[in-house]
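Thanks for coming. I will go through one structure today, starting with the ligand shell and then turning to the domains and a sheet.

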Amino acid sequence: MTQSDAHANKNAPVPHSKIGILLVNLGTPSAPRFWPVRRFLKEFLSDRRVVDAPRIIWWPILQSILWLRPGRLAKKYAEIWNKTLNEGPLKSITRSQAEKLAAWIRAGGLEKHKPGRAADEVFIAWAMRYGEPGIGSAVKNLQAHGCARILVVPLYPQYAAATTASAYDKVFATLEHMQWDPAVRFAPPYFDDRAYIDVLATSLRAAISRLDFVPEMILVSFHGLPKAEIDKGDPYLDQCRETWRLLREDLRLGEDRCPISFQSRFGAKEWLQPYTDATVKRLAREGVKNLVVITPGFAADCLETLHEIAIENRAIFTENGGQNFALIPCLNDSELGMMVIFDLVAREIRGWI
Ligand SMILES: C=CC1=C(C)c2cc3[nH]c(cc4nc(cc5[nH]c(cc1n2)c(C)c5CCC(=O)O)C(CCC(=O)O)=C4C)c(C)c3C=C
Ligand SMILES: [Fe+2]
Ligand SMILES: [Fe+2]
């Protein structure tokens, strides 16, 4: 290289760096069959952020779960499977959320931050924490598209180490093995965001107005967590309770007409109480005939809403004397739901564009 080449090189324009936005949700098996479900459960339940037991104790328990659970679980997945796209609903909805976010940015959603430029500078990706498409390939895709700054948006309104922190871990574990260091930001949990609460209340009111019954109660059900996680300092319970309080404030409903509960208990340990299934049973037995359930902790419908609530808890309700039961859809990729994501992205990307 001559001296003038070196000089020319030094002054070469720096390649223009883009901003990547990575939407992340939990994940789902690749097919509703024994082996794909087993593979998914193995990856999920081997994560120390999810099960924090000494490996010597957990390993034999996990082995028995991995033989006993996938068969039953595969049947449940088959009942809620998106047959058009041949994938779990969580995956279809997350993809659509990413596509709608990209369309909004192309249509000028971020223009007030950078008129005329934002659409060319932002690249959208989406990933599942467990299963496919993984966070590893999404981060590599962002690198390939020239993103030097990445905003990761974990689609969990309430923080839990088992979900939010696990997404952080996976992003950094990926970067650890790449000779590449983009600037990374994580969107914070949005459990008390005004847009999120307003949209929850509006979508609930709209869904209720379309029902052919008037609910006596609205049960607010969040995914559970082992109680021990809260005792260790996880803010999850406080954040769920705050979402619940703000939603009730918006709806002008007291705790008696709008109770909270925690679903999807897994294993023998104590989880957050009251449990959703026990609450649904109790309400039915106490004479509640018309029940609506809303699940604000899930950004997208999935097995835990479409099967556990819409099928299993509905059966518990009617078998114990209840008559009308409805699950309010998650915010998903609805127009209102997307407003929550747009608002979050526009706020958290500030200063970058
Ligand atoms: C110790 C186990 C689990 C913890 C802790 C946990 C926390 C947790 N999970 C979600 C969101 C989802 N969980 C989903 C499924 C699911 N969760 C667990 C276990 C724990 N979750 C299992 C074993 C499964 C698989 C299904 C089953 O075996 O019952 C899903 C749905 C995935 C899908 O494919 O549709 C979601 C979403 C949150 C928000 C959370 C902590 C707050
Ligand atoms: Fe879970
Ligand atoms: Fe479950």
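For residue classes, Ala, Val, Leu, Ile, Met, Phe, Trp, Tyr, Cys and Pro count as nonpolar, Asp, Glu, Lys and Arg as charged, and the others, Gly among them, as polar. On that basis the shell around ligand 1 has 15 nonpolar, 6 polar and 2 charged residues. This is a predicted model, where local features need pLDDT of at least 70, side-chain atom pairs count only at pLDDT 80 or more, and totals for chains, interfaces and linings use all residues. Residues are numbered from 1 along each chain as its sequence is written, while chains are lettered from A and ligands numbered from 1 in the order in which they are written.

There are 23 residues around ligand 1, and Thr 28, Ala 160, His 223, Cys 302 and Leu 303 come nearest; near means that the C-beta atom, placed from the backbone, lies within 6 Å. Helix 3 (55–80), helix 7 (161–176) and helix 12 (303–319) each give two or more residues to this shell. Helices are DSSP runs of H or I, at least four residues, and strands are runs of E, at least two, numbered from the N terminus.

Where does ligand 1 lie relative to the domains? Domain 1 (18–189 + 338–348) and domain 2 (194–327) both give residues to its shell, so ligand 1 lies between them. The bounds come from an automatic or database domain assignment. The domain centres, over C-alpha atoms, are separated by 24 Å.

Now the sheet. It is open, with 4 strands in the order 6-5-7-8 and parallel pairing; a pair needs at least two DSSP bridges.
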